Amino acid sequence: MKENFISRLKLLMIYNNDNYSSLARKINVSCQAVFNWLNGKRIPKITYIERIADCYEVSTDYLLGRTSC
């Protein structure tokens, strides 16, 4: 799950021209939190996964690697 989440989040960030700070602002977390998620140091709580999914208009299942779209 962790690898799928990281790779899909990075892809979505690239596609949407986001960096750590822009995503952090959009979902109301610290830049450090986004950095830790993308480097595999931490796994976000489900509330943040839901915020990311809403931000990028994808499902939580997509972010977690359960579906391909």
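The exercises below treat the helices, their packing, the aromatic pairs and the backbone in turn.

The structure is a predicted model, in which local features need pLDDT of at least 70 and side-chain atom pairs count only at pLDDT 80 or more, while totals for chains, interfaces and linings use all residues. Residues are numbered from 1 along each chain as its sequence is written, and side-chain values use heavy atoms, with hydrogens and water left out.

**Exercise 1. Helix H1**

Solution. 
- Step 1. Helices (H or I, at least four residues) and strands (E, at least two) are DSSP runs, numbered from the N terminus.
- Step 2. Buried means under 20% relative accessible area, exposed over 50%, and partly exposed in between (1.4 Å probe, protein chains only).
- Step 3. Contact means heavy atoms within 4.5 Å.

**Exercise 2. Packing of H1 and H4**

Task: Describe the geometry and the composition of the contact between H1 and H4.

Solution. 
- Step 1. Two packed helices are described by the angle between their axes and the distance between the axes. Axes are lines fitted to C-alpha atoms, for helices over the stretch in contact, and angles run from 0 to 180 degrees between N-to-C directions.
- Step 2. The axes of H1 and H4 are 11 Å apart, and the helices pack at an angle of about 35°.
- Step 3. H1 contributes Phe 5, Leu 9, Leu 12 and Met 13 to the contact, and H4 contributes Ile 49, Ile 52 and Tyr 56.
- Step 4. Ala, Val, Leu, Ile, Met, Phe, Trp, Tyr, Cys and Pro count as nonpolar, Asp, Glu, Lys and Arg as charged, and the others, Gly among them, as polar. On this basis the contact of H1 with H4 has seven nonpolar, no polar and no charged residues.

**Exercise 3. Aromatic pairs**

Task: State how many aromatic pairs the structure holds, then classify and locate them.

Solution. 
- Step 1. Rings of Phe, Tyr and Trp (its six-membered ring) pair if their centres lie within 6.5 Å; planes under 30 degrees apart count as stacked, over 60 as edge-to-face and the rest as tilted. There are two aromatic pairs.
- Step 2. Tyr 20 and Phe 35 have ring centres 5.6 Å apart and planes at 85°, so this pair is edge-to-face. Tyr 20 is in helix H2 and Phe 35 in helix H3, 15 residues apart, and the pair links distant parts of the chain.
- Step 3. Tyr 20 is partly exposed, at 33% relative accessibility, and Phe 35 is also partly exposed, at 29%.
- Step 4. Trp 37 and Tyr 48 form a tilted pair, with 5.8 Å centre to centre and 40° between the planes. Trp 37 lies in helix H3 and Tyr 48 in helix H4, so the pair ties together parts that are eleven residues apart in sequence.
- Step 5. Trp 37 is buried at 5% relative accessibility, whereas Tyr 48 is partly exposed at 25%.
- Step 6. Not counting residues up to four places away in sequence, Tyr 48 touches Val 29 and Trp 37.

**Exercise 4. Burial in H2 and H3**

Task: Identify the buried residues of H2 and H3, and examine Asn 36.

Solution. 
- Step 1. In H2, Ser 22, Leu 23, Ala 24 and Ile 27 are buried; their cover includes H1, H3 and H4.
- Step 2. In H3, Ala 33, Val 34, Asn 36, Trp 37 and Leu 38 are buried; their cover includes H1, H2 and H4.
- Step 3. Asn 36 has a relative accessible area of 12% and is therefore buried. Leaving aside neighbours within four places in sequence, Asn 36 is in contact with Lys 41 and Arg 42.

**Exercise 5. Positive phi**

Task: Locate Asn 17 and Glu 57, and state whether each is buried or exposed.

Solution. 
- Step 1. Most residues other than glycine have a negative phi.
- Step 2. Asn 17, in the loop between H1 and H2, has a positive phi near 55°. At 73% relative accessibility, Asn 17 is exposed.
- Step 3. Glu 57, in the loop between H4 and H5, has a positive phi of about 55° although it is not a glycine. Its relative accessible area is 73%, so Glu 57 is exposed.
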